[in-house]
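Please keep the sequence and the structure in view while reading.

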Amino acid sequence: MEQNDQKHYRALELDKILARLADCCSCEESRARALEIEPQTDYPRAVRQMHYTQDAHLLALRFGMPTVLHIKNVKGMLKRAQVGALLNLRELMDISNVLRTIRNLSSYRKNCDDMETALDAMFESLTPHRDLEDIINNNILSEEELADTASPELQRIRRSIRNTELKVRSQLDKLVKSPTYQKYLQDSIITMRDGRFVVPVKQEYRNEIKGMVHDTSSSGATLFVEPIAVVEANNEIRVLQNKEQQEIERIIAEMSAEVGARADVICADYDTVVELDLYFAKARLGRAMKATVPTITDDAVIDLRRARHPMIDQGRVVPTDIRLGGAFDTLVITGPNTGGKTVSLKTLGLFTLMAMCGLMLPVADSSTVSVFDHVLADIGDEQSIEQSLSTFSAHMTNIVSILQRTDHRTLVLLDELGAGTDPIEGAALAIAILSALREKGAKIAATTHYAELKVFALETDGVENASCEFDVESLSPTYRLSIGVPGRSNAFAISERLGLDAYIIEQAKQHVSNENTRFEDVVSQLEDTRLGLEKEKDAAQQIREQAERMKSEIADYKAKLEKEKEREIERAKNEAKRLIDKVRVESQRLVDELEEIKKQKDSEHYANMPAMAKAQMKAGINKLYELADPVRQERENDYVLPRKLVRGDIVSIVDLGKDGTVLSPVDNAGNVMIQVGIMKIKVAQSRLRLDERKNKVTLGGKKGSVGKNITSRAERTGKNELDLRGMTAEEALIELDRFIDGAVLAGLGTITIIHGKGTGALRAAVHRDLKQNKSIKTFRLGVYGEGEDGVTIAELK
């Protein structure tokens, strides 16, 4: 890349985007690489880079970001270990962090599903070294200390040192506490000098305590003496400490040799980790910008849809559409100052460079960006006092350089082309420059105030006008780019809105040529026509979106009906199996009765047994018919409840043959919540029978009293989803138990419980209840895309 390119990239603010990318990286090496990224001019490589970013983004969306520690560049350490050098404990710990990151990334990919990604080759090349990682972590406590368990010999030596130190301390403790010697001591303490235990002795009593003097206080009043009695023990400690140091060096040498033996593999894995971290940093930046993956082409066509400049605050930026290439190769952008012309120009160039760097773009789906060999820009005030260049001269210097480097694979961006000199000459020069660039085959976007360039764009094939809209009423730009319509200066309208006297404005209008006036009138008419078409387009778009929504809703409803159909078929199969089991049991009972009659043929009642058996068999066969045709039985049943059901009523469920207690009155769908044993189920009122004899005493012990109705405030968005938000914990748990019972009866495998995030009290109550519920197999919090901590996903047994 030529040095001049960096100047053009800075003019388009690519350096600021790369700085934001560096902030998204996890380690120093990937941060440095992020700042050094260069736009890829080779089309296949640019596409491959974008695929890496896209797949990193998809993995992060589905499985979260992988853990990359703040690792250091250990390649130098590894090379030194490879040639036999000893590493220090800090360096070994840094290598352990790299090994842990390698293992984390390898495990992360294995725990994802089988989806294929462009990053798989990188993940698969990683080689975890768990044994070496464990050796380093278990042996090193800190960058200054090895663990006692690093080796049996080190453990033995340190135990001996501790025991000897205890013996020395014990001897000196007796000395400092002895009444005989206390008067000779400055303080009754034991301290150390040069690694040896000593006691502080007053200068005047030097000869009273025999031993070696190791130090003197700054005042000279205190001598630090090692008593003769502990000299031998101190010597033993010194010998043991030397042995300890030798053993530590041996252990470090052993770990360093093990690291050195794997240096090449770890170095390669380190580079892969840095590269993966950079791609996931691109995905992280894309998420922060709410970006999408554009289509990258090699045909010099750019189509940015709802583009948002990433350096403008997301709350203020206005999306705009920008096109270049295809039907036209040159875009002339006009309009008033502060209207957004330069922002549009920078957006066009910056997004092209970002895509060539493998970065996602803050644009709508279906946007397209092309790869160019050069992206050259002349933007901003280039005035230089040191070089005695005026603004015009500086711009011309840049343009001369751009003309020399331009070819058919170049994107050229020119801001305020021809400005800074005589308007007539400037406009003529601007037209000539655009024509020269077009002859070289470049794709060009230029901003200008000159009306001559508007006419040039109207009259020249391949050159298109564009304008940045400006609201005269509010005196503020809308920042929307309108392609195909030249911009108006709006100088007279703005001046009038700002309070300039009308007669001054009228005098100014008289100085404007008739041609310019007619041109502005045509532009005004075109603008009015365009605004009308925009409104019609928006209305048509709304109708189309509404039709698409209806189409989607119909498709969802159809799919829902299909699922309901399958569920009903499965329920019918289960019901049929239950009926078959009942028929089999009743048949076996009849056979057993016949066998019993045969056994009693010698009985005195045998003569009456055939008639009794015949009657019983007929009744049994009628019962079998009833069981075999529950539909007809239900159809022919004209039973009517004698009164409305109230909470506490004892009822029979006809098709289950079970009694239950009413928990709530009939709902709008004709269903009643029934408690059957420990199970709560919702049953259609038509399947219930009320026996008044069983209901003489209702809830509360008073005849005719009705218990408090329990009205569910839960709103279920689907049969496998329950919304508990806004409820108290007590209300929520009652509703949750009902919901789980219904889900079990419906044969659901998984349910979703929405409790919201809030203070976490409702979530905690729900989790406690789920742990105790025998119908729940497992449960977990939701992940990204499911509602995260605001929902709980439970699996039924």
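The side chains of Asp 378 and His 395 are joined by a polar contact of 2.7 Å. A polar contact is a pair of N or O atoms within 3.5 Å; within protein, one atom must be able to donate a hydrogen and the other to accept it, and residues adjacent in sequence count only if both atoms are side-chain atoms. Asp 378 makes a further polar contact, side chain to side chain, with Asn 398 (2.8 Å).

This is a predicted model, in which local features need pLDDT of at least 70 and side-chain atom pairs count only at pLDDT 80 or more, while totals for chains, interfaces and linings use all residues. Residues are numbered from 1 along each chain as its sequence is written, and side-chain values use heavy atoms, with hydrogens and water left out.

Asp 378 belongs to strand S12 (residues 374–378); helices (H or I, at least four residues) and strands (E, at least two) are DSSP runs, numbered from the N terminus. Asp 378 is buried but has no salt bridge, and Lys 7, the nearest side chain of opposite charge, is 6.8 Å away. Here buried means under 20% relative accessible area, exposed over 50%, and partly exposed in between (1.4 Å probe, protein chains only). For charge, Lys and Arg count as positive and Asp and Glu as negative, whereas His and the chain ends are not counted. A salt bridge is a side-chain nitrogen of Lys or Arg within 4 Å of a carboxyl oxygen of Asp or Glu.

How many salt bridges does a search of the whole structure find? The search finds 38.

| Pair | N to O distance |
|---|---|
| Arg 80 and Glu 91 | 2.3 Å |
| Glu 244 and Arg 158 | 2.7 Å |
| Arg 196 and Glu 226 | 2.9 Å |

Arg 80 lies in helix H5 (residues 75–82) and Glu 91 in helix H6, eleven residues apart. Arg 80 counts as partly exposed because its relative accessibility is 33%, whereas Glu 91, at 14%, counts as buried.

Glu 244 in helix H11 (residues 228–261) and Arg 158 in helix H9 (residues 152–177) are 86 residues apart in sequence, so their pair ties those parts together. Both Glu 244 and Arg 158 are buried.

Arg 196 lies in strand S4 (residues 196–202) and Glu 226 in strand S6 (residues 222–227), so this pair ties together parts that are 30 residues apart in sequence. Arg 196 counts as buried at 10% relative accessibility, and Glu 226 counts as buried at 0%.

Salt bridges also link Glu 29, Arg 33, Lys 75 and Asp 271 in a network.
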